[in-house]
Amino acid sequence: MASKRQAYYDATKEALINSARQLFKTKGYAATTVNDITKHANKTRTTFYHYFPDGKVNLIQTLMELDVTPEFVALGDKIDTLKETPIVDALHTINQGFVDMFVPNLYLWQADIYFQDELYPALKDITDEEYSVLTDKLADFLAYRQAKHELIDFDPETGAKVFLAPALQSIVLSFSGARSDMNDTKQVDLLINQWVINH
């Protein structure tokens, strides 16, 4: 009996999450109401607030943890596999992987940026933790390649943040409506040319 109740609980929560994900993607965070989500999921407002007492903010938190956190983990794991890949190829792979993980979840990052006053307190710990773990992995990678005399000497922790900055800038610009190509690697190419020691 308990397992059936748990299965119903999980299915109801998943229906609300899936409804929110679809509506946030198609209508945007601001234009999607709790009523839209419950109607789309065929659930009641009372049920909705049972699962998500803080409303849409809780849903954005949940979607970040479900859809974004695994992308950060996967890229961190990918960085670990690139220790012996030719350095220029490895750096391009890391940059492209960082850009690619934003694409399926642009609607979440857009909501995070445009509704910072509402969402930042709820998302800060999640996004700070993800970014910190990833930059630590990248810093370890850069330090390892410096020890192999493939990169010039610089602070790896600062270097990791500098390396990810062009992609972050392009992503934020794309949200603002500015013409921005997230796959443009000019700034990253400049960094690579400055950092890589040619033997």
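## Overall architecture

The protein has nine helices and zero strands, so that, read from the N terminus on, its elements follow the order α-α-α-α-α-α-α-α-α. Taken along the principal axes, the C-alpha atoms fill a box of roughly 65 × 45 × 25 Å.

Of the 199 residues in the protein, 41% are buried, and the accessible surface amounts to about 10,900 Å², with 53% of this area belonging to carbon and sulfur atoms. Among the contacts with a separation of 6 or more, 71% are made by residues 24 or more positions apart.

## Confidence

The pLDDT averages 88 over the protein, and 93% of the residues score at least 70. Confidence is highest in helix α2 (residues 34–41), at a mean of 96, and lowest in helix α6 (residues 106–114), at a mean of 77. Where pLDDT is low, the predicted coordinates should not be read in detail.

## Helix α2

The buried residues of helix α2 are V34, I37, T38 and A41. Because these residues cover an arc of only 90 degrees around the axis, they fall on the same side of α2. The residue that follows α2 is N42, which has a positive phi, near 60 degrees.

How values were computed: Residues numbered from 1 in each chain as written. Predicted model: local features only at pLDDT ≥ 70, side-chain atom pairs only at ≥ 80, totals over all residues. Heavy atoms only, no water. pLDDT = per-residue confidence, 0-100. Helix = DSSP H or I, 4+ residues; strand = E, 2+ residues; numbered from the N terminus. Buried < 20%, exposed > 50% of the residue type's maximum accessible area, 1.4 Å probe, protein only. Arc of directions from axis to C-beta. Contact = heavy atoms within 4.5 Å. Areas by Shrake-Rupley, 256 points an atom, 1.4 Å probe, with all protein chains shown as cover.
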